[in-house]
Amino acid sequence: MKHTVDGAREAFSTGRTLPLTWRRQQLEGLERMLSECGEEIREALSQDLGKSSAESQLTEVLSVRSEIRHTARSLRKWTRPRRVRTPLTLGMASAAVQREPLGTVLIISPWNYPVHLLLMPLVGALAAGNTVVLKPSEMAPAVSALMARRIPEYLEPEAVVVVEGGADETTRLLEQPFDHIFFTGGSGVASIVMSAAAKHLTPVTLELGGKSPAWVDGSADLKEAAESIVWGKFTNSGQTCVAPDHVLSTPELAEPLGKEISRAIIRAYGTDPQQSGDYGRIVNERHARRLAALLEQDSGRALIGGDVDVAGRYVSPTVLLDVPEDAAVMEEEIFGPILPIVTVADHRAAIEVINSRPKPLALYAFTRDAQVRADFVERTSSGGLAFNTVMTQLAVPALPFGGVGPSGMGRYHGEYSLQTFSHERAVLRKLPGPDPTRLVRAPVGRRVRRLL
Ligand code: NAD
């Protein structure tokens, strides 16, 4: 590990990552890899997660390509020194904020979007002029092996290094000093990463998860809301950090909404989703068993779904009604295709429930009521907030993506990525001419103080 990280450090210390031409070349290489290896990528995603070709293309490949294009287009503007005003008391001076690369950064990614979540931060790290060590997830082994093979062919191999492995390898990697660690995953591992980073005083970005709620009220178009929720919840079999974890709605609306969601599930995946080419699989049998256990406990009435085939890593799209307050599905992040609909008196009660829990990564509200929207904006906190849609907040390149509190720290995407992977350095230049600061320096300072 030392040898690997030292290699990336040496590449950085030559200074060749500084010119924008080098950064652009790396971004072009990444874009070429995504276009030329598209078939292999889709195949690996199908092996690891049973993702359909269309889903892989949309959520894993096109999203990164669009980030590359957006970044390449704006790179000059984002890296230009930003002049700031200087106070008159400094006399003639010029000051600027200059973004400089941090050095060698570590990116650790999870298995659920193993291409997107590895390469999205890489775009920002390279655009900022860093060298990078990438640690893909061992739980998506086909993608991990593919990235380890292809990345050195398309990017400068000394500057971008892939280290494969699980907890042991990552632990050893974390013993090395880095200039930044960008981690996406669960909160348990995040605290291990943060403790390891603390030993070297390395700053961290933590992109975590949690239970992201979706509020639906009577003013919303139920069919539209159901379509949107089904897409957000059952894409990648619910293994999406910004998927709506559960729905909050009123007692009158729960059943009609549940039925509307059930109809939308059938429209999307047919009456037997196990046979649908568009419906993915759970990452491994352990997680399939975890989800089966959630359904076996007293978690409410299944309006649709509830079928599990552990060996086939399949859990059907499931909607639960009459969910008890202390149900296991309402304790931890579900991270699977189970959607509880929990009832509350009104949107204020929903906000109370939301505020009584850890701050979520995403919060959704389906409503046409401006007062409800204002209440959600003013009285809740979450990584992101979206009205009448789910997950599409990620498709706006100018919006930051990240959590708050237990759902994460730091943010990325577009210019926010560049900020994350840069140091914003204060550069001040004193110009020839009168220098008012002399008045406050000793011994003149003593004279001025005496006068005051
Ligand atoms: P995880 O935390 O188990 O693993 C993430 C990474 O950490 C992997 O690369 C893994 O090899 C490594 N790792 C595992 N154990 C380790 C240890 N003991 N020491 C050091 N490294 C270790 O996460 P996961 O199961 O892959 O992903 C699921 C979680 O990630 C969910 O909570 C989900 O919400 C969250 N997530 C967040 C986002 C986001 O963008 N905010 C995106 C996807 C997933």
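Visitor: Which residue is the bridge partner of F183 in β7?
Guide: Strands of a sheet pair through backbone hydrogen bonds, either parallel or antiparallel. Here, in a predicted model, F183 has L206 as its bridge partner in β7. Strand β6 (residues 180-184) runs parallel to β7 (residues 204-207), and 4 bridges join the two. Two strands count as paired if DSSP finds at least two bridges between them; strands are DSSP runs (E, at least two residues) and helices likewise (H or I, at least four), numbered from the N terminus.

Visitor: How should I read the numbering and the model itself?
Guide: Residues are numbered from 1 along each chain as its sequence is written. The model is predicted, so local features need pLDDT of at least 70, side-chain atom pairs count only at pLDDT 80 or more, and totals for chains, interfaces and linings use all residues.

Visitor: What is the strand order in the open sheet of 6 strands?
Guide: The order is β5-β4-β3-β6-β7-β17, with mixed pairing. β5 (160-162) and β17 (408-409) are the edge strands, each pairing on one side only. Helix α1 (residues 2-13) packs on this sheet, touching β3, β4 and β5, and its direction makes about 155° with that of β4. Contact means C-beta atoms, placed from the backbone, within 7 Å; axes are lines fitted to C-alpha atoms, for helices over the stretch in contact, with angles from 0 to 180 degrees between N-to-C directions.

Visitor: Which strands stand at the edges of the open sheet of 7 strands?
Guide: That sheet has the order β10-β13-β14-β9-β8-β15-β16. β10 (301-304) and β16 (384-387) each have a single partner strand, so one side of each is left without a neighbour in the sheet.

Key: Two residues are in contact if their C-beta atoms, placed from the backbone, lie within 7 Å.
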